[in-house]
Amino acid sequence: MKIWVDADACPVVIKEILFRAANRSQVSTTLVANHNLRIPPSKFIHFLQVNHGFDVADNAIVQRLTPGDLVITADIPLAAEVIEKGGIALNPRGDLYTSSNIRARLNMRDFMESLRSSGVETGGPASLNQGDRQAFANQLDRLLTEQVKNSSHAELNGKTE
């Protein structure tokens, strides 16, 4: 498993959680953004700068994604592509996007976008709070723990065959 971060809009506190998790779990984590980002020195943390433009970072992530990789994003269309390609999508509030909930989320996103385009003030998402950070950290830890278990199980099966 690799972790890909849609980093242009990812909150700093979430990036910090990811940096600690990457080093602790020794999982390659790549932040993808269209502007320069400072990342801590680590052989597990990488940065990929892409050109400015609509969906350029999203497309770079989807092109590099392999089944089982984890993508951190609040971008619902990107999450849908990740799931379609066999990846795992997690938003910075700790909500896991799944094949069973992504269609409803896309529909709600499209509905809200149509309201905004017709002039209705919909407001933005609430600020990230401590509960959101904890939910993200817990979900990330659960996913990384599952990955370690699956890797260990695969190694054991490979050695016995």
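I take a pocket, on a 1 Å grid over the protein atoms alone, as an open set of points where a 1.4 Å probe fits, with protein on both sides within 12 Å along at least five of seven lines; lining residues have an atom within 4 Å of a point. A volume is the space filled by probe spheres set on the points, with grid points joined across faces, edges and corners.

Before looking, I note that the model is predicted, so local features need pLDDT of at least 70 and side-chain atom pairs pLDDT 80 or more, while totals for chains, interfaces and linings use all residues. Numbering runs from 1 along each chain as its sequence is written, and side-chain values use heavy atoms, without hydrogens and water.

I looked up the largest pocket and got a volume of about 880 Å³. It has 34 lining residues, and the closest to its centre are Ala74, Asp75, Ile76, Tyr97 and Pro125. Helix 2 (56-64) and helix 4 (102-117) are the elements that give two or more residues to this lining. Helix 4 supplies the largest share, 6 residues.

**Fold**

Next I checked secondary structure, using DSSP runs numbered from the N terminus (helices: H or I, at least four residues; strands: E, at least two). I find 5 helices and 6 strands in the protein chain, in the order β-α-β-β-α-β-α-β-β-α-α.

**Burial and contacts**

I have 35% of the 161 residues down as buried (under 20% relative accessible area, 1.4 Å probe, protein chains only). For contacts (heavy atoms within 4.5 Å) with a separation of 6 or more, residues 24 or more positions apart account for 49%.

Notes
Buried < 20%, exposed > 50% of the residue type's maximum accessible area, 1.4 Å probe, protein only.
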